[in-house]
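Visitor: I am new to looking at protein structures. Could you walk me through this one?

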Amino acid sequence: MLKVWGRITSINVQKVLWCLAETGTPYERIDAGLAFGKNTEAWFREMNPNALVPVIDDDGFVLWESNSIVRYLAGKHGMGTLCPDSPQARADADRWMEWHSTSAWGTALRIAFFNLYRVAPDKRDDKAVEVAIAQSIQHFRLLDGHLSSRDYVTGDAFTMGDIPLGCAVHRFLNMPFDRPSLPALEAWYERLQTRKGYRDHVVMKLQ
Ligand SMILES: N[C@@H](CCC(=O)N[C@@H](CS)C(=O)NCC(=O)O)C(=O)O
């Protein structure tokens, strides 16, 4: 059976678990990372030399990098739905996955989250948090504009393109800071919450 290493509070693990739920793929999850440890041990580094979660082992095929895992699972178990058939539609979904993961704002959201949830209050870099929040708002505003004329990031149907951004939007809308009203983004967040996999693996108290 497919194995997933990673703690459920990791946003990158959440992407994978949500994708597995969407495709109805059975799996075994093993806690790893932060308090659970394991990820810095030699046997784990043999799987992922970065010592990070998530990692999957699909019948001997070991893969790390959460977006690559989502693409792999969507291609294997969700061709024509999660992973669009046409090269153009697939590239469109891919584009939004990349936009989240490789842009400066994706990093900004991580900086804000890290400081607010992983750093003791007296050690927080408040200036960095302020800048990160401003950048995140600017980019979620862009996504809000994009979603004002479609239900999901690539159009009428839910695809793998919604997964990384869907995980990020839960954090963005639930972190303790003021943000402008972003109606299309909020409607999309509501729409995602009708999906069991999203509710089960992503919509949780931030910690
Ligand atoms: N680019 C990697 C980043 C993975 C990553 O940063 N994982 C974090 C959790 S979100 C991690 O393993 N941190 C160390 C830990 O949890 O101990 C991916 O998308 O999979």
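**A walk through the model**

Guide: Happy to. Val16 touches Val4, Pro54, Ile56, Ser66, Ile69 and Val70, leaving aside residues up to four places away in sequence. Please keep in mind that this is a predicted model.

Visitor: Which residues have the most contacts inside the largest nonpolar core?

Guide: The largest nonpolar core has 44 residues. This core draws at least three residues from each of domain 1 (2-77) and domain 2 (87-198). In general, nonpolar side chains tend to be buried together in soluble globular proteins. The residues with the most contacts inside this core are Val16, Cys19, Val70, Ala74, Met160 and Leu185.

Visitor: Which element supplies the largest share of the side of domain 1 that touches domain 2?

Guide: The C-alpha centres of domain 1 and domain 2 lie 21 Å apart, and 11 residues of domain 1 are in contact with 10 residues of domain 2. On the domain 1 side, α1 and α3 each supply at least two residues. The largest share, seven residues, comes from α1.

Visitor: How many nonpolar, polar and charged residues does that side of domain 1 have?

Guide: The side in question is the one where domain 1 touches domain 2, with 11 residues of domain 1 in contact. Sorted by class, this side has six nonpolar, two polar and three charged residues.

Visitor: Why do the buried residues of α8 line one face of the helix?

Guide: Helix α8 spans residues 183-192, and its buried residues are Leu185, Trp188 and Leu192. Looking down the axis of α8, these buried residues line one face because they fall within an arc of 60°. On the other side of α8, Pro183 and Glu190 are exposed. So the value behind the one-sided pattern of buried residues is an arc of 60°.

Visitor: Which helices each supply at least two residues of the shell around the ligand?

Guide: The ligand is surrounded by a set of residues including Ser10, Ile11, Asn12, Glu65, Ser66 and Asn67. By class, the shell divides into five nonpolar, six polar and one charged. The helices that each supply at least two residues of this shell are α1 (11-23) and α3 (66-77).

Visitor: Which two residues does a cis peptide bond join?

Guide: Most peptide bonds are trans. The place to look is the loop between α2 (42-47) and β3 (55-58), where Pro54 sits. There omega is about 5°, and the cis bond joins Val53 and Pro54.

Visitor: Is Glu65 buried, partly exposed or exposed?

Guide: Glu65 is in the loop between β4 and α3, and its phi is near 85°, a positive value in a residue other than glycine. A residue counts as buried with 20 or more other C-beta atoms within 10 Å, and as exposed with 12 or fewer. Because Glu65 has 16 such atoms within 10 Å, Glu65 is partly exposed.

Visitor: And Asp59, is that residue buried or exposed?

Guide: Asp59 lies in the loop between β3 and β4 (61-64). Asp59 also has a positive phi, about 55°, although it is not a glycine. With 7 C-beta neighbours inside 10 Å, Asp59 counts as exposed.

Visitor: How far apart in space are Lys205 and His146?

Guide: Lys205 is found in the segment after α9 (196-201). Lys205 is exposed, because 6 other C-beta atoms lie within 10 Å. Lys205 and His146 are 59 residues apart in sequence, and their C-alpha to C-alpha distance in space is 27 Å.

Conventions:
Residues numbered from 1 in each chain as written. Predicted model: local features only at pLDDT ≥ 70, side-chain atom pairs only at ≥ 80, totals over all residues. Near = placed C-beta within 6 Å. Helix = DSSP H or I, 4+ residues; strand = E, 2+ residues; numbered from the N terminus. Nonpolar A, V, L, I, M, F, W, Y, C, P; charged D, E, K, R; others polar. Arc of directions from axis to C-beta. Core = buried A, V, L, I, M, F, W, Y, C linked by C-beta atoms within 7 Å. Domains from an automatic or database assignment. Contact = placed C-beta atoms within 7 Å.
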